[in-house]
Structures are given as C-alpha cells and as structure tokens.
Amino acid sequence: MAILLIQTAFIGDVILATPLIEVLHEKLPDQPIDFLLRKGNEGLVVGHPKLRKVWIWDKKQDKYKNLRRLSKEVRKVSYSHVINLQRFGATGLLTLFSGAKNRIGFSKNPFSAFYSHRFPHILKEGTHEVERNLNLLQPVIGEVSEPILPKLYPSPSDWEKVKLYKKSPYICMAPSSVWFTKQFPSHKWIELIAKIPEALQVMLLGGPGDKNLCDEIIQNTTRDKIFNLAGELSLLQSTALMADAEMNYVNDSAPLHMASASNAPTTAIFCSTHPKFGFGPLSDQSLIIQHPNPPTCRPCGLHGFSACPQKHFQCAEGIDTSEIPIPLP
C-alpha cells in the first residue's frame with residue numbers, strides 16, 4: 001500500500017508540504033510515498049530520494065480534462081491514504097474519487113464532508129503552515145510534536161553547477177514576487193545593495209520572468225561584484241546556492257521557503273502580508289523585517305495584490321533599509 005500527498009498550489013506551498021515526506025518516510029519506511037503537484041513545480045522534487053512517483057497536473061491547458069485523466073490513473077493505484085493539503089474544490093474531487101479508504105485534508109475544502117478525516121486550517125499567530133500541514137498526519141502516525149524543517153534535495157550536479165559562484169563570500173537576493181504588494185520595491189533593493197560591503201558578491205535570484213527586474217536593479221547600482229542569475233539556475237540549483245550564502249534577502253515568497261529548506265540564513269522582508277499568517281522563515285538563523293508602525297490597512301490579504309489597494313504602499317515604502325542588518329565579509 002502507498003500514500004499520496006496532494007499540493008497543487010505555488011512553489012512555496014509545495015516546499016512547505018515536504019516535512020510530511022520526511023516524517024512519513026521515517027515513521028513508515030516501507031510505505032511508498034507519491035506526490036501530486038501542478039506542472040511547473042516538479043523541478044522541486046526531481047530525484048527526491050524519498051518519493052516513489054511524482055504525478056503532474058497541467059492546470060493551464062485542458063485543466064479539467066487532465067484532472068479527469070489523473071483521477072482515473074490515481075484510482076488504479078489503490079492508495080491506502082490520500083492526504084490533500086489543498087483547500088480548493090478540484091483536488092477535493094480528486095481525493096474523493098481516489099478510492100482510498102483514508103482520505104485526509106482540511107475542512108475548508110468544499111468536498112471535505114466526504115473525507116475520512118478533516119482538520120481546521122486556521123490562520124492564527126504562532127502557528128506555522130508547516131504545523132498545520134503536519135496535523136494532517138494524525139490519522140496515519142499520530143501527533144507530530146517536534147518541529148520539522150522543509151527539505152529539498154539538490155543533486156550532485158546541482159551543487160556542481162553553483163560551485164563556481166562560491167569562490168568568495170556572497171549574499172543572495174531574490175527581489176521579485178508573483179504578487180506586487182509582497183515585493184519590496186526595486187529602489188529599496190538598490191538602497192540595500194549599496195550597503196553591502198564590496199568584499200561580498202551579490203547574487204540576484206529569480207525565474208526567467210524576473211530577469212528584467214534584476215537587470216534594472218543592476219543598472220542602478222555601481223557595484224562590480226553583482227550577478228543576475230534570474231532564469232539561469234533551476235529551483236534546486238538556486239537552493240544549493242542559497243545554502244552557503246552569508247545571508248539570503250527574500251520577500252514573503254518562494255525563495256524564503258527555499259532558504260528554510262536548506263536551513264540557510266534568511267532575512268525575510270514582509271510588506272503587505274504579515275508573518276502571523278504562518279509563512280515566515282524557519283531557518284535557525286532568520287530575521288523578519290517589516291514596517292515598525294505599519295498602516296492600519298496592513299495586512300490587506302493573505303496573498304497580496306497586483307497593486308496597493310490604497311495606492312500608497314506604505315507597508316513597503318515605510319521600511320528603512322538602514323534598519324536591515326548586513327553581514328560582515
């Protein structure tokens with residue numbers, strides 16, 4: 001019998017599901033573990049040593065046709081447990097029709113009434129998303145009391161790829177985000193870069209769509225030791241680079257969780273969102289930066305917006321970069 005985990009949301013959500021893989025593999029070493037995620041995120045788990053199979057759902061083309069196909073294929077496997085970390089209807093249907101005796105997920109899913117076990121998903125201060133996810137394991141292995149970090153597994157070739165960037169001390173910065181109001185403004189990144197000692201290299205990270213932003217930042221600095229690696233590295237290669245950085249400066253976005261997955265030093269800058277939602281850094285050496293006296297409209301949402309609803313973006317503009325610690329070379 002095997003266990004299926006489902007998380008088809010964004011990159012960070014997949015990373016925050018990985019502690020379940022670690023715990024299940026430790027407690028039930030003879031039970032194969034499979035993972036179902038959205039197309040585009042499979043690079044996070046390439047070669048994962050504790051996963052048997054990765055199911056990929058293409059949500060951009062023929063979304064529901066692909067879901068029906070997946071549902072039929074998943075049902076053929078006869079999973080003993082299906083654990084759905086997603087809170088939206090489509091994966092609830094997949095869980096329902098999986099044929100698994102034990103169907104587990106969050107009660108916010110509209111099809112959770114048909115689960116064998118369902119758990120609340122409450123955004124309350126002091127509870128991290130990893131803790132909420134680990135609660136889903138109670139029907140399988142009992143309560144998980146100790147904290148578990150996310151975990152990714154860069155391959156030897158991933159480590160080799162980034163080796164040439166590690167010849168001298170460096171920091172990483174991931175200046176972009178899917179959501180504008182989660183993103184520290186580019187001029188603030190430029191201010192922060194100006195404070196970095198020249199002895200430290202600066203590596204700008206991101207996906208292919210972030211290359212122009214990183215180019216813009218570089219064009220407005222006077223540094224020599226700054227590199228635009230946006231779109232040049234895979235997710236796992238970026239994780240391998242962040243692992244040995246003197247510091248990783250990130251938004252409330254996927255690179256924050258990539259840093260947690262390698263227990264890398266992290267400075268997380270929260271603009272419109274709030275760490276009380278439970279998506280903050282988990283590394284041993286981590287720091288949260290936010291407006292000391294934020295506007296009353298913050299937080300304006302869980303995920304952020306494409307523009308500031310109040311048109312002032314003071315939750316970000318009011319952060320003083322001189323208050324952000326800089327590592328010594």
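A search of the whole structure, which is a predicted model, finds zero disulfides, a disulfide being a pair of cysteine sulfur atoms within 2.5 Å. The sulfur of Cys214 lies 11 Å from the closest cysteine sulfur, that of Cys172, and is therefore too far away for a bond; Cys214 counts as buried, at 0% relative accessibility (buried means under 20% relative accessible area, exposed over 50%, and partly exposed in between, with a 1.4 Å probe and protein chains only). For Cys297, the closest cysteine sulfur is in Cys308, at 6.0 Å, which is likewise too far for a bond, and Cys297 is partly exposed, with a relative accessible area of 26%.

Six strands form an open sheet with parallel pairing, in the order 9-8-7-10-11-12; strands (E, at least two residues) and helices (H or I, at least four) are DSSP runs numbered from the N terminus, and two strands pair if DSSP finds at least two bridges between them. Strand 9 (226-228) and strand 12 (286-289) are the edge strands, each pairing on one side only, and the twist from one strand to the next averages 20 degrees. Strand 11 (residues 266-269) runs parallel to strand 12 and is joined to it by four bridges, with Ser286 in strand 12 as the bridge partner of Thr266. Helix 10 (residues 235-243) packs on the sheet and touches strand 7 (170-174), strand 8 (201-204) and strand 10 (248-251), its direction making about 135 degrees with that of strand 7; contact means heavy atoms within 4.5 Å, while axes are lines fitted to C-alpha atoms, for helices over the stretch in contact, and angles run from 0 to 180 degrees between N-to-C directions.

Residues are numbered from 1 along each chain as its sequence is written, and side-chain values use heavy atoms, with hydrogens and water left out. In this predicted model, local features need pLDDT of at least 70 and side-chain atom pairs count only at pLDDT 80 or more, whereas totals for chains, interfaces and linings use all residues.
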